[in-house]
Every structure is written in C-alpha cells, then in structure tokens.
Amino acid sequence: MDTLKALQAFVKIVELGSLTAAAERLELSRSVLTKHLAALERHYGTRLLQRTTRTLSLTEAGRTLHEGLVPLLGDLEALEQRLQEGHERPRGRLRVSAPLTFGVRHLAPLVSSFLHEYPEVAIDLELSDRQVRLVEEGFDLAVRIGDLSDSSLVAQPLGAVELFICAAPAYLQRHGRPEHPAELREHRCLLYSYASDGDLWEFRRDDERLQIKVSGPLRANNGSVLHQAALDGHGIIRQPDFLVGDDLAAGRLERLFAPWYTQAIAIHALYPHRRLVPAKVRLFIAWLQRHLVTPGPRKALP
C-alpha cells in the first residue's frame, strides 16, 4: 500500500463526501479509491467510514484520523511548495470560501486576475454567507466580514466597510422618515440572519451610544435579498457600503440618521494555523491585500 496516497485519498473522500466525486477530483477510478480505503481500514484494523448506497459518515476512528491528517498533509504540501519556491511557481488547488454578494462584486475580478498571474493554481471558490468550518470541510482559506469567533484560525486584515441604515423613497413616503434611531422600534426593518448582534442595531454620536432592538417583515441570510426588498419599499435595511453605495448615489435609497455612526466591520482572510503556510495561500492573501479596494469606515466603533 502507498500509505501517503491512501491517506490523501481518505481526506479527499471526507472533504467531498463522495467516493465518486473524490475519484474524479483525484483523477482515479472509483475502484482504485475503494482499494485505498479498504487498505487503510485493514492497516488500522478498524472501519473508518460508514457507507450506504446514499451516504458516507465518519466513524469515531475515522474522525480521529481525519482531524490529525488535515494539518499534517497541509504542512507536507506547504513544505513541498517551500522547497520549490525560487525555481518553480506555486501550483495546486486552492479552496476559498467567501460571502456571496461580496464575492460576486469584489472577489470575482481578483480571482480572475490572480489566475492570469499564477496559471498553475486552480481555485475552487464557494460563495455563501454561511461560515464554513475550514479544517473539517477542507478549505484553505475564507474571507470573512464581521466578528471573528474561531480563535484557532490565523486572521490577516484585508480592509473594512461601514454599515448604512437606508430605505427607499417610496417606503419613507408611506411610513414617514425617522429622525432618531429610537424611532426604528416603530418601523419595518429588514434583518440579516447572520448578524452577530442579532436584532440590535448600534449607533454612536459623539459620546452618546444606543442599541435599538428592531423587527420587521423579512429576515434573510443574504444581503442581496434584503437589498432588493428595500428597493421595493418593504422596509429599512442596515447593509454595507459595497452593497448600497450605488443606490445611495443614484437616489434609489436614502441614508438615514446621517449624524450617527453605525457599526464598522473588518474584512479578514482566515486560514488554519500551520507551521508552514502553502505558497498558494500566502500569495492569494497578498494579492487580496494589494488589490482589494474597499471604501473603509469613516469612523470605527471601539
């Protein structure tokens, strides 16, 4: 048995959740992949995966093996790339997770230009507002906007954005224009499901600081959905400048409470803590830091 290839195959099976998908990714036949898995189970004397016709799930032994293997194989890949640096360009597959709307508007052109610069790197980009588990799901890095909850990951700053409170002129004509943040309690607000502060919207003006609990007719886990609902006059939104900036400039949305500052949120690139970081990861983060343009907050809340 080629132990390294068998272990790499096992990790890929777990990452993709399918023998067929893993075989395609590794460019192996399904039968060869099945032999790798069977050889590992014989070697360790225990079942690593529970297999049915529809699903694959890790046994306790398989979970222990997978949790230990992912950082080890990552370090091995990084070591190989480090040895090749200076006479060979970075190569291999880079799995990236990023928020949907931000990814479409800001990351897409940078991914394209990165691929032109480093054609030996292949990128798997998953756009979703869900916060993926990097190690467990096999991602090399994630772009996150907002609070960072996982202290086991390394965070590299990419920029910052400001949240704006705004509404369509049609909504303000029907329901009136609130002049103070406290009036939001009487208005229809459109809520982002993944907001770290839930239904509490925070405001600051000089030394005054407020937290207003809001509610409304729509809650969604994607900013574009809330953005469209606001344009259609269904309520007031709190969304980042990269999403609403053009509509504010064109008058399709109107900003509320201009003397007040709302929450400023940071953008980070996150990757698993490793002794050796793969060159493709380091170069992609450096590319984002160099080329990503965000308006940035006027004044960050402490």
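Me: Which residue does Asp 199 form a salt bridge with?
Reply: Asp 199 pairs with Arg 219, and in this predicted model their closest N and O atoms are 3.1 Å apart.

Me: Nice. How many salt bridges are there in the whole structure?
Reply: A search of the whole structure gives 11. Among them is one between Glu 254 and Arg 177, at 2.6 Å from N to O.

Me: What does that pair tie together?
Reply: Glu 254 lies in strand β12 (residues 254-255) and Arg 177 in the loop between α7 (169-175) and β7 (189-192), so parts 77 residues apart in sequence are linked. Glu 254 is partly exposed at 27% relative accessibility, and Arg 177 is partly exposed at 37%.

Me: Which residues do salt bridges with shared partners join into one network?
Reply: Glu 126, Arg 130, Arg 133 and Glu 137. Within that group, Glu 137 and Arg 130 have their closest N and O atoms 3.0 Å apart. Glu 137 is buried, at 17% relative accessibility, and Arg 130 is partly exposed, at 34%.

Me: Switching topic: how is the chain divided into domains?
Reply: There is domain 1 (1-82), domain 2 (90-158 + 264-289) and domain 3 (160-263).

Me: What about the area buried between domain 2 and domain 3?
Reply: About 1,200 Å² is buried there, with carbon and sulfur atoms giving 54% of it. Between these two domains the count of salt bridges is zero, but five residue pairs are in polar contact.

Me: Which element gives the most to the side of domain 2 that touches domain 3?
Reply: That's α5, with five residues. Both α5 (100-117) and β13 (264-272) supply at least two residues to that side.

Me: Last one: how many residues are in the largest nonpolar core?
Reply: It has 41 residues, and those with the most contacts inside it include Leu 94, Leu 141 and Phe 284. Strand β6 (residues 153-167) gives the most to this core, with six residues.

Me: Where does this core lie?
Reply: Between domain 2 and domain 3, because both give residues to it. A second, separate core has 19 residues, including Phe 10 and Leu 65.

Technical notes:
Residues numbered from 1 in each chain as written. Predicted model: local features only at pLDDT ≥ 70, side-chain atom pairs only at ≥ 80, totals over all residues. Heavy atoms only, no water. Core = buried A, V, L, I, M, F, W, Y, C linked by side-chain atoms within 4.5 Å. Buried < 20%, exposed > 50% of the residue type's maximum accessible area, 1.4 Å probe, protein only. Helix = DSSP H or I, 4+ residues; strand = E, 2+ residues; numbered from the N terminus. Domains from an automatic or database assignment. Buried area = accessible area lost by both parts, 1.4 Å probe. Salt bridge = Lys/Arg side-chain N within 4 Å of Asp/Glu carboxyl O. Polar contact = N/O pair within 3.5 Å; in protein donor to acceptor, adjacent residues only side chain to side chain.
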